[in-house]
Amino acid sequence: MTVDALSCARGGRRVVEGLSFSIRAGDAVALRGPNGIGKTTVLRCIAGLQPVEAGQIALPDDAIAYAGHLDGLKATLTVSENLSFWASVFGGGKMSDALKVFDLKDLEDRPVNQLSAGQKRRLGLARLIVSGRPLWVLDEPTVSLDSAAVTRFADILKTHCAHGGAVLAATHLDMGFVMREIDLSAYRAQSQTQMRRSDEAFL
Ligand SMILES: Nc1ncnc2c1ncn2[C@@H]1O[C@H](COP(=O)(O)OP(=O)(O)OP(=O)(O)O)[C@@H](O)[C@H]1O
């Protein structure tokens, strides 16, 4: 994926401009910067959830699996029913792998509305595996995870990259392995003037 001179806005206000970088197979990239700098906004543009203000994002079709702040789970369905739904949408990786690597096997028949916050987050992230998509775009993926789950998730990311995948993650955490860092503070929009609302979500 190549991002070239990207500018994006939130709430009708340009927040980031002139951002360029590329991600290749095997790359793990951390998007850094203080609260409100625009990490979520950039990830939403890359995931196609809102239009870009200027610049270009070039990536192959069906390359991205996006995990945002919301887990997007169906509360009355079980863990395995949720995964099976996503597997049918994406037609990608194996459910059994997803249950195993995210330590959800014992919970597979439990409805989502009976899971803890961390368990829900693990299930939300397990969709990355069933998506079968190469580029994982993650917004604060470790929120609600305990330290053991964070370590396990870091291993999952490492394995994904070692097998030719790639990761772009907005995170304040040190994930415990080497990630290339992009500090969005260097791309803060100079002009803070209000503009037309062109950043309405597509979805
Ligand atoms: N729904 C919204 N409507 C209007 N403005 C918003 C909205 N959400 C965020 N913003 C503003 O857009 C800017 C960028 O927000 P964004 O969520 O991308 O930052 P962030 O770097 O991800 O922050 P954090 O580290 O707190 O998650 C912020 O200044 C924020 O105040």
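Which helix gives the largest share of the shell around the ligand? Select helix H1 (residues 39–46): three residues of the shell come from there. Helices are DSSP runs of H or I with at least four residues, strands are E runs of at least two, and both are numbered from the N terminus.

A word on what you're looking at: this is a predicted model, where local features need pLDDT of at least 70, side-chain atom pairs count only at pLDDT 80 or more, and totals for chains, interfaces and linings use all residues. Residues are numbered from 1 along each chain as its sequence is written.

Now show the rest of the ligand's surroundings, including Arg10, Val15, Asn35, Lys39 and Ala170.

Then select strand S6 (residues 135–139). Five of its five residues are buried, so S6 is largely enclosed by the rest of the structure; buried means that 20 or more other C-beta atoms, placed from the backbone, lie within 10 Å of a residue's own. Leu135, Val137 and Asp139 sit on one side, with Trp136 and Leu138 on the other.

Strand S5 (residues 64–67) runs parallel to S6 over four bridges, and Tyr66 stands opposite Val137. Strand S7 (residues 166–170) is also parallel to S6, over five bridges. There, Asp139 has Ala170 as its bridge partner, and Ala170 is one of the residues around the ligand.

Notes
A residue is near a molecule or strand if its C-beta atom, placed from the backbone, lies within 6 Å of it. A residue is buried if 20 or more other C-beta atoms lie within 10 Å of its own, exposed if 12 or fewer, and partly exposed in between; C-beta atoms are placed from the backbone. Two strands pair if DSSP finds at least two bridges between them.
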